[in-house]
Amino acid sequence: MNPRQSIDGVRIILLGEPHVGKSRLFGVFSQLGQENNNDQVDKYQHECQHYFTSSAGSKTKVTLYDTADMEKQMSLTCNYYRYIEAAVLVFNPYDKNSFDKIEYWLSCARNVSPNNTAFYLVCNTGKESNLRNKEKEVDLETCEKYVFENKLKRRFEVSMWDVEAIEGMFQTIADDLLGGTQRREEDVINSTIRLSVPNNKPRNRAEKFKKLC
């Protein structure tokens with residue numbers, strides 16, 4: 001499950017505390033991989049690959065790695081952070097502890113990963129119906145300040161049950177890494193991207209995936 005120096009394409013890792021939705025993000029990405037015969041998902045479901053085409057027209061393989069619950073035993077090795085192009089830092093806005101621990105995961109990754117690694121902060125919420133009587137413990141201003149002070153690439157806000165929004169998030173990250181998008185100065189301040197269902201994505205595939213979960 002460790003990113004390898006010899007692998008071609010772009011390598012992305014998921015980071016964060018247990019129970020913040022990393023496996024859900026990985027599951028959506030792996031469904032993308034199963035739609036294309038050229039894409040691959042390993043038998044242990046810890047690594048999957050998908051070919052992305054950037055808005056500039058370039059196409060490459062993007063490999064996503066999941067922690068596979070190893071963070072629960074604090075047993076992630078340095079190899080997990082090596083040879084990557086990006087790290088996705090995931091937290092639950094209704095659990096401040098998961099946000100506070102982002103600093104630890106960011107430090108672990110930056111100590112080992114290449115200097116040009118891109119870091120993304122993902123505010124991963126749950127089902128809207130389950131959150132009606134809950135208040136967020138981490139507000140937008142706090143997140144924006146963290147993104148700015150730590151020079152992260154972007155911040156996303158997605159629902160872990162919105163399949164197509166998660167697909168859109170990974171497409172945006174792929175665009176960044178493949179050079180299809182350029183970060184503007186205002187992105188540093190207004191870096192939150194709230195993703196909804198893109199118009200160019202069919203809903204039936206998303207519904208099919210939801211039934212499998």
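Tyrosine 104 is partly exposed in this predicted model, at 38% relative accessibility. Tryptophan 105 is buried, at 2%. The rings of tyrosine 104 and tryptophan 105 form an edge-to-face pair, with centres 4.9 Å apart and planes at 75°. The whole structure holds 7 aromatic pairs and 6 salt bridges.

**Aromatic pairs**

- Phenylalanine 99 and tyrosine 146 also pair: their ring centres are 5.5 Å apart and their planes meet at 65°, so the geometry is edge-to-face.
- This pair links distant parts of the chain, with phenylalanine 99 in helix α2 and tyrosine 146 in helix α4 (residues 140-149), 47 residues apart.
- Phenylalanine 99 is buried, because its relative accessibility of 8% is under the 20% cut-off.
- Tyrosine 146 counts as buried too, at 11%.
- Phe29, Phe52 and Phe170 make up one aromatic cluster.

**Lysine 96**

- Lysine 96 sits in helix α2 (residues 96-100).
- Lysine 96 is partly exposed, with a relative accessible area of 40%.
- Beyond its neighbours within four places in sequence, lysine 96 contacts Glu137 and Val138.
- Lysine 96 and valine 138 are 42 residues apart along the chain, yet their C-alpha atoms are separated by 5.9 Å.

- Strand β1 (residues 10-15) runs parallel to β5, joined by 4 bridges.
- Strand β6 (residues 118-125) also runs parallel to β5, joined by 6 bridges.
- Which residue stands opposite alanine 87 in strand β5? Isoleucine 13 does.
- In β6, alanine 87 has phenylalanine 119 as its bridge partner.

**Nonpolar core**

- The largest nonpolar core has 52 residues, and Leu15, Tyr81, Leu121 and Met169 touch the most other members.
- Helix α5 (residues 163-178) gives this core its largest share, 7 residues.

**Salt bridges**

- Side chains of opposite charge can pair when their charged atoms come close.
- Arginine 11 and glutamate 85 meet in a salt bridge, at 2.5 Å from N to O.
- Arginine 11 is in strand β1 and glutamate 85 is in the loop between β4 (59-65) and β5, so this bridge ties together parts 74 residues apart in sequence.
- Arginine 11 is buried, with a relative accessible area of 9%, whereas glutamate 85 is partly exposed, at 23%.
- Lysine 136 and glutamate 157 form a salt bridge, at 3.2 Å from N to O.
- Lysine 136 lies in the loop between β6 and α4 and glutamate 157 lies in strand β7 (residues 154-159), so the bridge connects parts 21 residues apart in sequence.
- Lysine 136 is partly exposed, at 40%, whereas glutamate 157 is buried, at 14%.
- Aspartate 176 and arginine 154 also form a salt bridge, with their closest N and O atoms 2.8 Å apart.
- That bridge links aspartate 176 in helix α5 to arginine 154 in strand β7, 22 residues apart.
- Aspartate 176 is buried, at 10% relative accessible area, and arginine 154 is buried, at 8%.
- Lys136, Arg155 and Glu157 belong to one network, joined by salt bridges that share partners.

Definitions and conventions
Residues are numbered from 1 along each chain as its sequence is written. This is a predicted model: local features need pLDDT of at least 70, side-chain atom pairs count only at pLDDT 80 or more; totals for chains, interfaces and linings use all residues. Side-chain values use heavy atoms; hydrogens and water are left out. Two strands pair if DSSP finds at least two bridges between them. Helices (H or I, at least four residues) and strands (E, at least two) are DSSP runs, numbered from the N terminus. Buried means under 20% relative accessible area, exposed over 50%, partly exposed in between (1.4 Å probe, protein chains only). Contact means heavy atoms within 4.5 Å. A nonpolar core is a set of buried Ala, Val, Leu, Ile, Met, Phe, Trp, Tyr and Cys residues joined through side-chain atoms within 4.5 Å. Rings of Phe, Tyr and Trp (its six-membered ring) pair if their centres lie within 6.5 Å; planes under 30 degrees apart count as stacked, over 60 as edge-to-face and the rest as tilted. A salt bridge is a side-chain nitrogen of Lys or Arg within 4 Å of a carboxyl oxygen of Asp or Glu.
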